[in-house]
Amino acid sequence: MKKRDYQNQLGLGVLAKWLLLLAVVCGIASAYVHVRNLHIQESDFVRTAEEKMTDLRAEIEMYELRIAALLDRPALEGRLEENGSELQAIEHASLEVVKSSDSTGTDVIVLQ
Amino acid sequence: MEAEAIIQRRTFWACVIVVGLFSLLSARLIDLHVLQHDEHVETATKFHVRKQQLPSQRGAIVDRNGELLAHDQRVFRLVANKIHLRNHNIAARGVAEATGMTTAEVRRQFDRDEILDGYERWVALVLHQKGGIGESAAELKEKLSTSERVEIRLQRGIEEDNRQLLAGLMEKHGIRGVYFEPESRRFYPSPNRLTHVLGYTNLDEVKQPDGSVAEAHVGKEGVEATMNEAMAGKDGFRFYERDNRGREIAAFRGEQVAPVNGKRVRLTIDMGMQNLVEKALERGAARFKPEKISTVWMDPWTGEILSMANRPHFDLNTREGERRNVAIADQYEPGSTFKIVPIGGAIEERLINLNTVVFCHWGEFYESNGLLIKDHHPYGDLTTELVVAKSSNIGSYKIAKLLGPIRFHQYVGYFGFGEKTGIQLTGETTGTVHHPENWSGTSFSAVSKGYEVAVTPLQMTTALSAIANGGLLMQPRVIDSIETADGEEVLEKTDTRVVRRVLSSAAADQLRRALTAVVAETGTAKRAAIEGYQVAGKTGTSQKVDPENGGYIPGKYVCSFMGFFPAENPRVVGIVVVDDPEKPADFDTPLYGGTVAAPIFAEMAAEVAAYLEIPPDQETRDPKFETRGLNIDT
């Protein structure tokens, strides 16, 4: 067996430095990928939350408008009639608001 | 040595090749990143970066108490994308879902056309039978198959809860290629109230600040039109990047301009009062079946319109019905209500006072030129107050003659006739007032009793307000203020505006007293009286003009009553104009302003008085009102 006539110039220290450098680079790269993924996950979460908020706002607004429509006076009267309500319309002229003499008191509505 | 030389040569060439390859690679990179940079950025941007329109909301309309009258609502339209629907992979997955087979089995058993056709059938079936879209599944399938457009609109106006249901349904049944696109709808919670004042909008294409064109609601009539600029929002936009699945990458959001919502408009209208007034108007319309009927109610001190309504009218949400706001857009000959002009002018000019006696020729007065002026009833001497109370044509004409045609015509103008009031509504007409130079031999007497002159109900209300408030002609207004979109801050308040002084306070006071006599037991409008309040007003009955043949139509009348109360310190002025009423079977009196319009006015006035809590100004004979004004401890 022929013996090699040159010696390995790469010392253990140098090798260790290169390996360390490689580990640092790999570490940084992994951290970058990890942070980036987190970032995208967070962004996804933000986007989903934003969509949800928009949908909820729209839904709240829809219900507010439906309530407003349900409170429409002619519609209310119509529903009462349809349901055979025995409630009688009280003419405004038959009502009287009796003001409280005490400023903290409540006004009283009296049916004449 | 020989071997060493070979190694060196090989090493050299290997290096040359490696360097050469890397140089080529570098050159390509330089070509891509530097020389073709802009081109590739543009291509990438096209694929990944999208500009999204951020729709603004049109401003709401609320009444004086903040009650919501009009609002933008986010709804959705369901759109099928033809390219996506005809994607073989999507279609195969859909058919697999429909048949319970695997996608591979579907591909094996059916050819491409069968799969595409089968998928369209499946989409139509699911959307119609489970989602209620379209008139029938067959009709929907036909639409999907035959439409040549890439984007096929399947349904509009889908509300948020239905969108969520449909989205879940589509997800469950593997429907792809059908999407929801947001759109806005103008929503009126009370679609049969205040219709002519609110007006309506159309969905038009509007140029945005960034130069793009977007669909937006544009006001066409009523407050929606006059306040369009304030209520119109400005759409925003944003650039965003999408990943390979088409989802937004929120981390890479680009330029963003937030939408600016339109401002909120607050009206002077009181919807509680409006409802009471409209109900009474509907009862009047049901009883007399007129061609048209209108009412306007106003605060005489500020010009604020509290209520305005007409029948027929239209449904704000469907827009079916009559859209013409008769109260401001239609003119009619006012008849005797116009007598406030000659009598008011003559009092102002100190030519007469309430005690001045006018001889009324027992119902028939012949002018020097042979013109006959008649009264409905024969009267001899009448004081000015009684001329007003009895609505004598002869008395009114003789008083107008004291003024003379030119001064009389001036007062017609002072009271605001012949010009628009300037209310913030669309379609207002000026009415018709002829100059004395253009009068015929009969015109002077005709105009003095409210003929040969045409006015709008709003003009008459404004003129009467000038008498009610002590002589000031106020500009009527329906807009109270413009506010921020959330209503937190008032941006612009509409001020009360005095147009001019028409009468002195003393003259207005005298006329006001004369008008209370009209509603007294001996006046023409005793049916306008309401319990507990002294009402002042004037009746009017005029024959209807035949617009085709000229002249008047026999048996057709415009009956009106305008009034205010409490007479001494008026809170509200109102008018009821009934155009061509029919005589009900149980109606035993002729159709006059005092018999048709006055009772409707009284019905409204009683409700309005209670609603606005106007303190009574008269002793009442009715014991049920005896507790009024009582203070109690709580």
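A: We begin with two terms: helices (H or I, at least four residues) and strands (E, at least two) are DSSP runs, numbered from the N terminus. This is a predicted model, in which local features need pLDDT of at least 70, side-chain atom pairs count only at pLDDT 80 or more, and totals for chains, interfaces and linings use all residues. Residues are numbered from 1 along each chain as its sequence is written, chains are lettered from A and ligands numbered from 1 in the order in which they are written, and side-chain values use heavy atoms, with hydrogens and water left out.

Q: How many helices and strands are there in chain A?

A: Chain A has 2 helices and 2 strands, and from the N terminus on its elements run α-α-β-β.

Q: Which residues line the largest cavity?

A: Rolling a probe the size of a water molecule over the atoms shows where empty space is left. On a 1 Å grid over the protein atoms alone, a cavity is a set of points where a 1.4 Å probe fits but cannot get out, a pocket is an open set with protein on both sides within 12 Å along at least five of seven lines, and lining residues have an atom within 4 Å of a point. Grid points are joined across faces, edges and corners, and a volume is the space filled by probe spheres set on the points. In the whole structure the search finds 1 cavity of 30 Å³ or more, and the largest cavity has a volume of about 40 Å³. Its lining consists of L194(B), T195(B), H196(B), E278(B), M308(B), A309(B), N310(B), R311(B) and H313(B), and the largest share, 4 residues, comes from β13(B).

Q: Where is L194(B) placed, and is it buried or exposed?

A: Buried means under 20% relative accessible area, exposed over 50%, and partly exposed in between (1.4 Å probe, protein chains only). L194(B) sits in the loop between β5 (178-187) and α9 (195-198) of chain B, and it is buried, with a relative accessible area of 1%. Although L194(B) and A309(B) are 115 residues apart along the chain, their C-alpha atoms are separated by 6.2 Å.

Q: What is the volume of the second largest pocket, and which element gives the most to its lining?

A: The second largest pocket holds about 1100 Å³ of space. It is lined by 41 residues, and the closest to its centre are S336(B), H376(B), N393(B), T541(B) and Y592(B). The element that gives the most to this lining is β22(B), with 5 residues. To sort a lining by class, Ala, Val, Leu, Ile, Met, Phe, Trp, Tyr, Cys and Pro count as nonpolar, Asp, Glu, Lys and Arg as charged, and the others, Gly among them, as polar. The lining of the second largest pocket then has 12 nonpolar, 20 polar and 9 charged residues, whereas that of the largest cavity has 3 nonpolar, 4 polar and 2 charged residues.

Q: How many salt bridges are there over all chains?

A: Side chains of opposite charge can pair when their charged atoms come close. A salt bridge is a side-chain nitrogen of Lys or Arg within 4 Å of a carboxyl oxygen of Asp or Glu, and by this rule the count over all chains comes to 46. One of them joins D161(B) and R66(A), with the closest N and O atoms 2.9 Å apart. This pair crosses between chains, from helix α8 (residues 160-172) of chain B to helix α1 of chain A. D161(B) is buried at 19% relative accessible area, while R66(A) counts as partly exposed at 30%.

Q: Why does the pair of R266(B) and E483(B) tie together parts that are apart in sequence?

A: The side chains of R266(B) and E483(B) meet in a salt bridge (2.5 Å, N to O). R266(B) lies in strand β11 (residues 264-267) and E483(B) in strand β19 (residues 479-483) of chain B, so the pair ties together parts that are 217 residues apart in sequence. Both residues, R266(B) and E483(B), are buried.

Q: Why is helix α14 of chain B largely enclosed by the rest of the structure?

A: Helix α14 (residues 340-348) of chain B is largely enclosed because 8 of its 9 residues are buried. Among them are I340(B), V341(B) and P342(B). Just after α14(B), R350(B) takes a positive phi of about 60 degrees.
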